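These are short notes for a colleague opening this model for the first time. Please keep the sequence and the 3D view side by side while reading.

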Amino acid sequence: MYTLNSHNSIMKNEVIKYLNIINNGIYIDGTFGSGGHSLIILEKLSTNSKLFVFDKDINSINIAKLIKDSRFFYKHSSFTEIKNFLNKKKLLGKVNGIIIDLGISKDQIFNSKRGFTFLKNEILDMRMDNTIGIPAFLWLKKASIKDINKVFNKFGEEYKYSKQISEYIYNYNKHNTIKYTFELIKIINLFHKKKYKRINNVTKYFQAIRIFINNELYNIKKLLSDIVDILDINGRLIIISFNSLETKIIKNFFNIKNYNINNIPLHYKDKRNFINIKNNLYMKKIIKLKPNKEEIIKNKSSRSAIMTIFEKKMILLK
Ligand SMILES: C[S@@+](CC[C@H](N)C(=O)[O-])C[C@H]1O[C@@H](n2cnc3c(N)ncnc32)[C@H](O)[C@@H]1O
């Protein structure tokens, strides 16, 4: 069972500090999880403010239903739908702050029984939203060697044995079905005889399948491409990433180098912490932070977290 506030929410103080909460504001928690961030945001909201929360996992939404607060609204949906949602509510461009805490929650790891962890022998499902799509084991059963290998390379950055493992999975799945996490682990370990120093040998394979099954990197890009439309001027985006693939997307997405900058006044061109140019609006990077030592000691899984904060700005034409 999922429970309210069971996740060790990352960098709570920093979330509150950098959301810059204002009176009568509109806020969004795009990854409600078990509500830790939402609860501290609610503590700081004025009576006429609103907090909209989203999560792909129906179990998370079921615990959101436990929060009885007239300022609080939940929706079972991906954060990629936020723009559509706001459009329908006539709130597009009116959001003052949004938090996106990527990755999976403690409840998903320990209580979902969906095979997110290699520590438990569970069905290899890995869908955050298990009301749509197909479980990971069925994808593995249908996929070609090339496709499996591509996922291990692209989303797990595993190259050395990935082709051999993909071939083995493909051939094994012709007559059997790799349905459980421990079956997959056994196969990976047939090839990875030497232990990695810092992480378990199977970590990156699990990460790769999860990212693929949930379309995680596309989701981040979609949200970032909508964010200028979603936020009000001076509205903030706080995004917490957990792996180098996510962090790279966030780092590069608003970088001026990746845009056609002909229409930008010269005095802006030398500022590196830019940009998404739409009607002279852009996203300025405010700061990038990591959890402090105490937090990492208390919550080991916070060690890979990177929090990036952006603010929507308007280009002032000289
Ligand atoms: C790390 S947890 C969030 C924890 C939360 N901040 C808290 O304090 O409890 C990540 C959550 O994001 C959800 N999630 C991941 N991708 C999502 C997406 N594209 N749209 C909505 N929710 C998503 C997962 O289902 C999971 O519940």
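1. Around the ligand there are 25 residues, and Ser-9, His-37, Asp-55, Phe-79 and Gln-108 come nearest; a residue is near if one of its heavy atoms lies within 4 Å. This is a predicted model, in which local features need pLDDT of at least 70 and side-chain atom pairs pLDDT 80 or more, while totals for chains, interfaces and linings use all residues. Residues are numbered from 1 along each chain as its sequence is written, and side-chain values use heavy atoms, leaving out hydrogens and water.

2. The shell around the ligand holds five nonpolar, 16 polar and four charged residues. Here Asp, Glu, Lys and Arg count as charged, and Gly counts as polar.

3. For polar contacts (N or O atoms within 3.5 Å), a side-chain N or O atom of Ser-9 is 2.5 Å from a ligand oxygen. A polar backbone atom of Gly-35 is 3.3 Å from an oxygen of the ligand, and one of Phe-79 is 2.8 Å from a ligand nitrogen. The ligand taken alone exposes 610 Å², of which the protein buries 98% (Shrake-Rupley method, 1.4 Å probe).

4. The domain assignment, automatic or from a database, gives domain 1 (12-107 + 216-314) and domain 2 (113-214). Their contact takes 13 residues from domain 1 and 13 residues from domain 2, with contact meaning heavy atoms within 4.5 Å.

Technical notes. Polar contact = N/O pair within 3.5 Å; in protein donor to acceptor, adjacent residues only side chain to side chain.
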